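Student: Good morning. May we go through a structure together, one topic at a time?

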Amino acid sequence: MTLVMPKVDQLILDDKEKIVRDLKKFTNPINIISDLEGITPYETDALSAYKQKPMAVVLPENTSEVSNILKYCNEKNIKVVPRGAGTGLSGGALPLADCVLLGLGKFNKILEIDFENRCVVTQPGVTNLALTKAVEHKDFYYAPDPSSQIACSIGGNIAENSGGVHSLKYGTTTNNVLGVEFVLMDGTIMRFGGKKIESEGYDLLGLITGSEGLLGVVTEVTVKILKKPQSIKALLLGFQKIEESGQCVSDIISGGIIPAGMEVMDKPLIKATDDYSKAGYPRDVDAILIVELDGTESEVNVLIKKVEEIAKKNKATYLRISKNDDERLRFWSGRKVAFPAVGSISPDYLCMDGTIPRKKLPEVLKEITRLSNKYGLRVANCFHAGDGNLHPLIMFDSNIRSELKKAEQFGADILKYCVKSGGVLTGEHGVGIEKRDLMCEMFNDEDIQQQLNIKEAFDKNSLLNPGKVYPLLHRCAEGGKMHVHKDNNKFKDIPRF
Amino acid sequence: MSEIYSPSSENDVSNFIRESHEQDTPIEIIGQNTRPIGRLIQCSKTLQLKNLNGIIEYFPEELYIKVKAATSLGLVEAELDKRDQELAFEPADLGFLYNGKSNKGSVGGAVSCNLSGSRRFKSGALRDHILGFQGVNGKGEIVKSGGTVVKNVTGYDVSKLIAGSYGTLVALTEIVLKVQPKNEESQTLLINNINLKKALNIFSKAMQTSVEISGACFYPEKSLNFFKLNDLDISTSITALRIEGPKISVVERVNTLKKLFDEYKKTMSVLENYQSRIFWKNTTDLEFFNNTESVVIKIILPSVNTGQFINQFENEELRYVVDWAGNLTWIAIPQNDSVLLRQLRKAALALNGHMTIIKAPNHVRIREDFLTTVDDNIKVLSLKIKESFDPKKILNPGKMYSGI
């Protein structure tokens, strides 16, 4: 994929020394990094196929510094790319050559734990898992659990509206965040929400959650915490046909059961994860399905029995119920290492992230197999079956010329098929740069223009994380393909970043 | 008299708004016209969406329903009920409040007001259950966002912005809502004759356990005259805790709560499934303010501040009910007591909360602010957002705030 990014502003680059000098006025000078060695670690996020060094990196320490830095950049027309822990999978934190990269790593303190109001106020650089760690002594936890939770930051979770394996029952970040402190590109410091259950007026908190760092910079977060369920148990089910696992998922939901988590893995992934983690998965099946149920002890037992019956009806050939927490965690141990496991059997892989209607799983997997043969690239699939979020892992070798391009084309074809099946381009990894040029598969000109207009309401000069999420200088044309129609651009006066 | 236009297709809505945009004509948007809510506005044209109704698709196993915007909420709930499903945010039937009889209005109206029922603190608000929408912005353009799946981060989550925007950003044409299986059993633990402070402590204590209550409300003695349940003691205050789920689990959890609040066992009783459901329907539908002539307001506060808030008005003989485990207080006050109205608003603000006027006669709707927002930055940003959808500010102008 040739990635077109916003045009580099040579005047800004020419002015680099002065800009770095000016930035030192707003924070401790050691928080400004502009030497090659210092900025190199920031050249990419977890979508590591794309690299670009920023002009400078700034690591502010408090909200007023963030505000002053943004205000300065806004006045000087300098682009800013915000960054949390850099674990994003869609290139949302990829720097631009003429940008100031704003790292929130120093915002790493939990500010208040309020058990009475069942919430935590934290700085955005704190990791997702650290929130749960901070409250688990009283049997509370923070519900969204993206697989990178050990490293990803809560600020990044807000930018991406991160999910995890439990989002069918407990929602994604947007359903679990109560408030933020938020700085606009012009330096205005705002508060949306807080400890109260909801706010009035436009739902600005809902709008900025999942906005991929395009609307402002989060400097403080209030999240709700939940009491741990009394009992959690899981079933590990094996099926000879992947269709049977898909039908089992549909039947569980139609049966009125909302499990805490439901995950399907296909045969290639079962082998890879079992070799890697020794989870003890059955090897003679085409698909495994992990179903986790929580609630009171007796409730879980009743639900386990119901799921067991549904599984048998759907011809499960392997069925195991966790006897204790260790065994339950062992069921998950393979699933949780799906990405590194694939990394161990292939030099490189691309992780895709479409969402589809659950019932379309067999059909979409069939298409993925067809495409795998067409492109001559292996693929392994895991599926958050509860919420329809599919993660095909496309294996390739970047040392072989053209394989990255082939893998990206394969990935794009999968996502297009997801949309065609009634689904969407991205369930939890974000659009970033990775899926930016596929946006026209889902949206038409008017839809995209409306979202760009919202962007303009927050960031008039389009300086905050430009080049992400929305296609540049393009209109969506018939058939979902994109062209530049220079002569026929009905929005020619509006900057497209 | 405003000229009423009732289009029968989305394209007609688009053409109508495009024309109004060109002519700079403000439009009031109504669905089934059941909720006279928001600031009173006067527009030369009215866009009535009642003909855009009907269920477009409903896939129980995919947990969503897609409807045209003015589809009756009652119809949607009846359809879901056939498959043992429901809208988990428990939309209120405000017909009782406004006209003294059931009238749920349209789905689009419910979305525009983002009003949620007693389960709010556990299952989220309406805004947490809208998966996508299509509508017409103030330039007449048909725009959409979201989809039919739960997990979706493709572009901004504009659906959330639309929920609770009172028709000031788009005229809704299609809506996708998430649906959930119905709970098999509902039971309610009642404790009579305790004061608000103790009730709030009970809410807090229950919320610190893994019992997962899904309703928690408090009726002071003087608000109780509407209840007609057979075995309900309405001579004293009522504190109610709801537990829902599979029957076996509900029974177990009710017993856990009984033990936890053992000190109140003399005044404790349990509403079984049928009566429990009626109790919470009455509560969510605000039947205690049935056809009241008072001004009805909604106060949202961090739950720990609610006791202090009510205490400040001890001498005012307030008619109030506390719901959402202490986060929400409904209050009815006399129509002409604007001093009290303003005092309540001020007190809510001082305790990090806000006040919304839900029902008021027209002269109050003209005179008083509908919402509370005092933050100028929020107002400036809200105006810019409004203009990003509706640059000439023709859609429900002034419905939320003056000038927006």
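Tutor: We shall discuss the contact between the chains, then the core, then helix packing, and then some single residues.

Student: Before we start, what kind of model is this?

Tutor: This is a predicted model.

Student: How many residues of chain A are in contact with chain B?

Tutor: On the chain A side there are 72 residues, and they are in contact with 69 residues of chain B.

Student: Which helices of chain A supply at least two residues each to that side?

Tutor: They are α7 (167-170), α8 (204-208), α9 (242-254), α11 (297-313) and α16 (445-458) of chain A. The largest share comes from α16(A), with 8 residues.

Student: And how do the residues of that side divide by class?

Tutor: On the side of chain A that touches chain B, 33 residues are polar, 21 are nonpolar and 18 are charged.

Student: Let us change topic. How many residues does the largest nonpolar core have?

Tutor: The largest nonpolar core has 262 residues. Leu289(A) and Ile394(A) are those with the most contacts inside it.

Student: What is Leu289(A) in contact with, leaving aside its neighbours in sequence?

Tutor: Beyond four places in sequence, the contacts of Leu289(A) include Leu237(A), Phe239(A), Val249(A), Met262(A) and Val264(A). Ser245(A), Cys248(A) and Ala385(A) are also in contact with Leu289(A).

Student: Now the helices, please. What describes two packed helices?

Tutor: One gives the angle between their axes and the distance between the axes.

Student: At what angle do α9(A) and α14(A) pack?

Tutor: The angle is about 150°, and the axes of α9(A) and α14 (residues 361-375) of chain A are 9 Å apart. An angle over 145 degrees counts as roughly antiparallel, and α9(A) and α14(A) are therefore roughly antiparallel to each other. Their crossing is right-handed.

Student: Which residues make that contact?

Tutor: α9(A) contributes Ile242(A), Glu243(A) and Gly246(A), while α14(A) contributes Leu361(A), Pro362(A) and Leu365(A). By class, this contact of α9(A) with α14(A) has 4 nonpolar, 1 polar and 1 charged residues.

Student: How do α14(A) and α15(A) cross?

Tutor: The axes of α14(A) and α15 (residues 403-420) of chain A cross at roughly 160° and come within 10 Å. That makes α14(A) roughly antiparallel to α15(A). The crossing of these two helices is right-handed.

Student: Which residues are involved there?

Tutor: From α14(A), the contact is made by Val364(A), Glu367(A), Ile368(A), Leu371(A) and Tyr375(A). From α15(A), the residues include Lys406(A), Phe410(A), Asp413(A) and Ile414(A). The contact of α14(A) with α15(A) divides into 8 nonpolar, no polar and 3 charged residues.

Student: What about α9(A) and α11(A): at what angle do they cross?

Tutor: The axes of α9(A) and α11(A) cross at roughly 140° and come within 9 Å. That makes α9(A) oblique to α11(A). The crossing of α9(A) and α11(A) is right-handed. Cys248(A), Asp251(A) and Ile252(A) of α9(A) meet Val307(A), Ile310(A) and Ala311(A) of α11(A).

Student: Moving on to backbone angles, what is phi of Asp139(A)?

Tutor: Phi of Asp139(A) is near 65°, a positive value in a residue other than glycine. Asp139(A) is found in the loop between α5 (128-135) and β7 (140-141) of chain A. With 14 other C-beta atoms within 10 Å, Asp139(A) is partly exposed.

Student: And Asn114(B): is it buried or exposed?

Tutor: Asn114(B) is buried, because 22 other C-beta atoms lie within 10 Å and 20 or more are needed. Asn114(B) is not a glycine, yet it has a positive phi of about 50°. It is found in the loop between α4 (107-113) and α5 (120-123) of chain B.

Student: One last topic. Where does Ser112(B) lie, and what does it touch?

Tutor: Ser112(B) lies in helix α4 of chain B. It is buried, with 30 other C-beta atoms within 10 Å. Not counting residues up to four places away in sequence, Ser112(B) touches Ser165(B), Tyr166(B) and Gly167(B).

Student: Where does Glu244(B) lie?

Tutor: Glu244(B) lies in strand β13 (residues 238-245) of chain B. Glu244(B) is buried, with 25 other C-beta atoms within 10 Å. Beyond four places in sequence, its contacts include Asn183(B), Glu185(B) and Ser186(B).

Notes
Residues numbered from 1 in each chain as written. Chains lettered and ligands numbered in written order. Predicted model: local features only at pLDDT ≥ 70, side-chain atom pairs only at ≥ 80, totals over all residues. Core = buried A, V, L, I, M, F, W, Y, C linked by C-beta atoms within 7 Å. Buried ≥ 20, exposed ≤ 12 C-beta atoms within 10 Å, placed from the backbone. Contact = placed C-beta atoms within 7 Å. Helix = DSSP H or I, 4+ residues; strand = E, 2+ residues; numbered from the N terminus. Nonpolar A, V, L, I, M, F, W, Y, C, P; charged D, E, K, R; others polar. Axes fitted to C-alpha atoms, helices over the stretch in contact; angles between N-to-C directions. Parallel < 35°, antiparallel > 145°, perpendicular 65-115°, else oblique. Left-handed = near helix turned anticlockwise from the far one by under 90°.
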